[in-house]
Amino acid sequence: MPKIDTEPKLDFEQVLIRPKRSELNSRSEVDLTRSISFKKSGSTWTGVPIIAANMSSTGTFEVCKELSKHKIITALHKFYTLEDYKKNSSELNPDFYMVSTGISSADFSNMCEIVDTMNPKWICIDIANGYIASFLEFCKKVRSRYPKHIIVAGNVATREMVETLIIEGGVDVVKVGIGPGSVCTTRKKTGVGMPQLSCVIECADAAHGAGGFIVSDGGITCPGDLSKAFGGGADFVMMGGTFAGHHETPGEVVTVKQPDGKDKKFKLFYGMSSEHAMVKFYGKKNDYRSSEGKVVQIPYKGPINDTVLDYLGGLRSTCTYIGAKSIKHMSKCTTFVMVSRQLNQIYG
Ligand code: 5GP
């Protein structure tokens, strides 16, 4: 008989963060950097715990160059080769980039070639469905070959798999989120998913209990969502759509005439499981796979720096509303209230 979990599960839009008395008088008193010691790898890291997604439209060297200035990490996409890394090596700070890999043997050899030469700090093992048995085996294999690298792996969305990946897989940071992404169609195509805020709360509790950490991956639509993810216990937050559509991201700017006669600029953004991505990177989409990603034209946003400042400013402001002097303290200082309406949309 199918089971039903009747406990409410929430998304970012169903809550707000309750303000409380704060000793902080200014946003400038908030420190957005975090220092973390990872138990599995024995490594340490200091930076702003935000990650640009390892999608081909955001996980690029150009984006990395800009985001490193703010101590933000970029998960470089898995289609880069060692040659690409060598060409860009002068601009790479090991604290602020991750080498990404899938779990095929071709992915593994490409990743090993890069890691053995570049000696990065971070490795990101990424597949859409982190519940398949070969994923856990792959994590173990990477851990035994690279005992000191910080390993991020996902995606999963439940307590048991977070614990398994940390305890058995030797993973430092589990990437959580099934279906919340802006260009993701997994929930529509499969009916599978977990509301992201509840996913973060459950998985953070599991990871912290097992001596690991989590990245909340996907579903950030505004700076407030970023604060809610940290408030829910995320150690890191990964964003794709937020960083897409800028001057520094790949692709042409296209100008489209609007019904009112005005020109509007757009850039293409697509999911990594979309048919567009499969054809671009593998030459075809196999019939046994369905496309689980969208292709969208998003409004051109100009320099990525402006978006970063907007998001970091929002985070600092949240911290002053709840009395958190750093991101690390946000979850302790957060009380969520369930709401039926988050925003007043009268003017859009
Ligand atoms: P966003 O920040 O745009 O809401 O979400 C970014 C995340 O969406 C990525 O880090 C990745 O986990 C997920 N994602 C990217 N492409 C696809 C796709 O084609 N299908 C699905 N299901 N998820 C995707």
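A: To sort the residues of a lining, Ala, Val, Leu, Ile, Met, Phe, Trp, Tyr, Cys and Pro are counted as nonpolar, Asp, Glu, Lys and Arg as charged, and the others, Gly among them, as polar. This is a predicted model, in which local features need pLDDT of at least 70 and side-chain atom pairs count only at pLDDT 80 or more, while totals for chains, interfaces and linings use all residues. Residues are numbered from 1 along each chain as its sequence is written, and side-chain values use heavy atoms, with hydrogens and water left out.

By these classes, the lining of the second largest pocket holds eight nonpolar, five polar and one charged residues. The volume of this pocket is about 270 Å³ (a pocket is an open set of points on a 1 Å grid over the protein atoms alone where a 1.4 Å probe fits, with protein on both sides within 12 Å along at least five of seven lines, and lining residues have an atom within 4 Å of a point). Of the 14 lining residues, Leu16, Ile17, Gly224, Lys228 and Thr318 are the closest to the centre of the pocket. Two or more residues of the lining come from each of strand 1 (15–17), helix 8 (223–231) and helix 10 (304–322) (helices, H or I of at least four residues, and strands, E of at least two, are DSSP runs numbered from the N terminus). Helix 10 gives the largest share, five residues.

The sheet to follow next is an open one of three strands, ordered 11-12-13 and paired in the antiparallel sense (two strands pair if DSSP finds at least two bridges between them). Strand 11 (253–257) and strand 13 (295–299) stand at the edges with a single partner strand each, so one side of each has no neighbour in the sheet. On average, and with direction ignored, neighbouring strands of this sheet are turned by 45° against each other. Strand 12 (residues 263–270) is joined to strand 13 by five antiparallel bridges, and tyrosine 270 has valine 295, in strand 13, as its bridge partner. Helix 9 (residues 275–282) packs on the sheet, where it touches strand 12 and strand 13 (contact means heavy atoms within 4.5 Å). The direction of helix 9 makes about 65° with that of strand 12, with axes fitted as lines to C-alpha atoms, for helices over the stretch in contact, and angles running from 0 to 180 degrees between N-to-C directions.

Key. Grid points are joined across faces, edges and corners, and a volume is the space filled by probe spheres set on the points.
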